[in-house]
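Colleague: Can you walk me through this one? I'd like the sheets, the domains and the chain contact.

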Amino acid sequence: MAEAAPARLEFRDRDRGRALLDALARWTDDRIDDPVSIMHVCGSHEQAIARFGLRSVLPPGLRVITGPGCPVCVTDAPEIDEAVALAESGIRVATYGDMLRVPGSRSSLADARGEGARVEVVYSVTQAAEMALASPDEPLVFFATGFETTAVATAAVLLRDPPANFSLLTAHKYIPPVMEIVAEMPATRVEGFLAAGHAASITGWGVFEPFVARHGLPVAIGGFEPLDLLAGFAALVERIRTGRPGVDNCFPRMVTREGNRRAQQQLWRVFEPTGGVWRGITRVPNGNLQLRAEWQRFDARQRFAARLERARRIPAPPTRAGECRCGDIMAGIATPADCALFRGACTPALPRGACMVSSEGTCRIWHEYGGADPLAADVA
Amino acid sequence: MRKDERIGLRHGAGGPAMRELVRSVFARNAIARDDALGLANLDDAAAVRVGERWLVYTTDSHVVNPAFFPGGDIGRLAVSGTVNDLAVMGATEPLGLACAVVLEEGFAGAQLLTIQASIEAACAEAGTSIQTGDTKVMGRGEIDGVVITTTGFGFADRLVRDDGLRPGDDIVVTGTLGDHGFAVLARRNDLRVEGDLRSDVAPLNRLLAAALAAGGDAVVAMKDPTRGGVASALHEMAEKSGVGIVLDEASLPVRAPVRALSELVGIDVLHVANEGKALLGVRPQETKRVLEALRAHPLGRDAQRIGACCEQRSGRVVLDTGFGRRLVAESDGELLPRIC
């Protein structure tokens with residue numbers, strides 16, 4: 001900071017950051033031909049890595065892979081089709097701005113809106129519930145997407161007795177189960193996971209202990225400042241080098257072993273895990289969150305079953321999935337640079353895959369911030 | 001712009017969508033000329049050769065919401081916007097302004113008088129005055145309060161374009177970044193952070209006259225980073241000049257409350273409008289002299305060298321964060337509509 005901003009940001013200390021990067025380089029020096037591979041499972045981690053320019057300075061012996069961490073990207077096309085079908089049938093649908101342009105099998109919510117459907121962008125589920133309260137005579141469906149962090153907010157609104165015309169089309173996903181899947185994928189070959197600090201502030205870091213025991217892979221809880229990230233990488237590399245898997249909490253100012261008990265209670269009072277498809281990846285046992293039986297009066301799938309059934313009978317056109325590599329990118333098998341559409345046919349203005357739509361999508365982030373390019377240029 | 005397209009808020013956001021709109025509609029038949037600068041050049045103002053000098057002219061509409069904000073109002077903004085567009089072309093002595101006002105039925109007289117007082121005060125600071133104008137009234141609900149369009153003209157001995165950068169040149173900013181955009185955002189959404197959030201809206205012609213007097217021909221490019229912020233302004237300068245620009249994040253002058261709000265709402269300071277700042281491209285041997293001249297003026301106290309131009313990455317802006325490097329993206333959204 002220049003003089004105008006004297007505040008010291010201790011988690012952005014550049015000297016300590018460089019010291020950690022030097023240490024990471026030394027510790028991975030013998031792995032340059034076969035880099036240490038760690039995966040993060042959070043779009044906000046990739047954003048933070050990109051925003052602070054960390055990808056351009058990671059040592060050659062360390063590979064940080066992006067996992068299925070963008071909630072918008074893993075929302076499955078049939079789930080989007082359901083939201084589009086409800087909107088097209090005349091029901092008012094509210095959702096987060098990032099969901100608007102994600103393509104379903106045939107079209108997106110933005111397309112539906114362009115054709116006259118009423119699709120509202122909201123910043124929170126609370127705002128959607130207020131919208132329903134303001135127009136009590138017409139149904140309002142909230143298309144509820146996101147991981148456990150966002151699902152807690154959805155649960156809290158249901159527990160506060162929302163208006164009767166309010167209902168949920170849920171597509172919430174739960175991260176811990178997908179880590180099990182990715183850990184078993186032979187092509188991915190992950191040696192350790194950086195878990196998302198904000199999600200862990202709810203679940204607690206203890207939730208990862210069974211995973212470590214089952215797979216023998218270390219997990220570090222990482223925050224979103226540069227030193228949080230580098231400390232997480234360092235903890236993982238240290239455990240991988242010494243062959244001692246375990247959980248490291250590298251975000252202790254936010255995360256405890258138990259997590260936020262009250263939020264957990266709210267989450268599991270409203271939702272239960274169920275199997276579901278993560279877009280581009282596979283079916284994940286217990287990877288989706290569905291409403292428990294006692295909340296089904298708020299389930300849009302039940303309330304509008306006939307409309308959704310009619311929509312399901314229209315066959316989807318064949319997809320062009322062969323060209324887009326979003327699935328491989330979310331599974332950590334490919335990077336955006338491996339995709340023929342990246343920087344050519346697929347841009348944020350005309351996205352072909354979900355990863356280019358969301359601000360948490362890997363392709364979008366690499367497009368904006370330059371990805372793994374070191375961006376070396378001669379300046380004085 | 002295609003026939004089946006519709007105007008979105010992003011077409012007014014100062015980024016790529018707006019440039020594309022101007023190029024494909026308003027400037028589609030523009031022809032470049034040697035003796036004049038016009039739509040073909042898409043600079044901050046137009047100019048025609050008159051004898052040995054250039055007559056510079058420009059116009060600017062102001063729709064800011066709310067019309068009154070900490071640090072200024074739509075009147076001060078309307079004068080500063082046009083005076084600054086002239087000044088960054090090198091026309092630092094505006095000869096006069098025209099002012100067209102469109103008002104909504106029911107607009108309060110007290111507010112109009114306040115706006116007029118701001119217009120007069122800003123003109124006095126800039127050493128100019130309103131010489132002609134137009135007044136229209138629309139029915140209640142047909143327009144939101146007040147829209148002000150100002151037009152100005154002045155002479156420049158040497159035109160300072162936005163495409164004059166070459167590798168090795170320094171990039172200088174005349175003061176802190178993001179003050180206007182975040183002050184308006186905070187007022188609009190009733191957000192409070194510790195410290196004083198005030199718009200920087202001000203006429204810069206006297207400050208820039210001092211910089212030009214000190215730096216002479218070494219000041220090779222100027223632009224005011226309004227809508228779209230420093231990110232859009234530097235992308236335009238880099239693209240037109242055929243250079244890359246590398247910014248040093250540690251040297252970006254940002255006030256603490258602006259930094260706090262930027263972190264809070266997740267909007268990059270580089271994407272936010274300034275209404276009292278200019279970016280200067282300076283040949284490196286004169287940078288020190290230009291910075292001294294800027295810092296001697298009250299509006300330039302926080303002036304900084306924030307980066308430099310390079311041959312590589314033509315048309316791109318790179319940020320050195322102190323950890324590593326990344327590209328600076330332009331914002332192309334409905335980030336902060338009606339910011340000026």
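Modeller: Here is a quick tour, topic by topic. This is a predicted model: local features need pLDDT of at least 70, side-chain atom pairs count only at pLDDT 80 or more, and totals for chains, interfaces and linings use all residues. Residues are numbered from 1 along each chain as its sequence is written, with chains lettered from A and ligands numbered from 1 in the order in which they are written.

Colleague: Sheets first. What is the strand order of the open sheet of 4 strands in chain A?

Modeller: The order is E4-E3-E5-E6, with parallel pairing. Strands here are DSSP runs of E, at least two residues; helices are runs of H or I, at least four; both are numbered from the N terminus. Two strands pair if DSSP finds at least two bridges between them.

Colleague: Which are the edge strands?

Modeller: E4 and E6 of chain A, each of which pairs on one side only. The twist averages 25 degrees from one strand to the next. Inside the sheet, 7 bridges join E5(A) and E6(A) in the parallel sense. On that pair, A:Val141 stands opposite A:Ser167 in E6(A).

Colleague: What does H6(A) lie across?

Modeller: H6(A) lies across E3, E4, E5 and E6 of chain A, at about 175 degrees to E5(A). Axes are lines fitted to C-alpha atoms, for helices over the stretch in contact, and angles run from 0 to 180 degrees between N-to-C directions.

Colleague: Which residues of H6(A) are buried?

Modeller: In helix H6 (residues 125-134) of chain A they are A:Val125, A:Ala128, A:Ala129 and A:Ala132. Buried means 20 or more other C-beta atoms within 10 Å of the residue's own; 12 or fewer is exposed, and in between is partly exposed, with C-beta atoms placed from the backbone.

Colleague: Why do they line one face of the helix?

Modeller: Seen down the axis of H6(A), the buried residues fall within an arc of 100 degrees, so they line one face. The arc is that of the directions from the helix axis to the C-beta atoms. Their cover includes strand E3 (92-96), strand E5 (140-146) and helix H7 (148-159) of chain A.

Colleague: Now chain B. What is the order of its open sheet of 7 strands?

Modeller: E10-E12-E9-E13-E11-E14-E15, with mixed pairing. Strand E10 (219-223) and strand E15 (325-327) of chain B are the edges.

Colleague: How many residues of E10(B) are buried?

Modeller: 5 of its 5 residues, so to speak mostly covered. E10(B) runs antiparallel to E12(B), with 4 bridges joining them. There, B:Met222 stands opposite B:Leu280 in E12(B).

Colleague: And E9(B)? What joins it to E12(B)?

Modeller: Another antiparallel pair, with 4 bridges. B:Asp170 stands opposite B:Val282 in E12(B).

Colleague: Switching topic. Which domains is chain A divided into?

Modeller: Domain 1 (32-322) and domain 2 (326-369). The bounds come from an automatic or database domain assignment. Their C-alpha centres lie 18 Å apart. Across the boundary, 26 residues of domain 1 are in contact with 18 residues of domain 2. Contact means C-beta atoms, placed from the backbone, within 7 Å.

Colleague: Which element gives the most on the domain 1 side?

Modeller: H2(A), with 6 residues.

Methods:
Contact = placed C-beta atoms within 7 Å.
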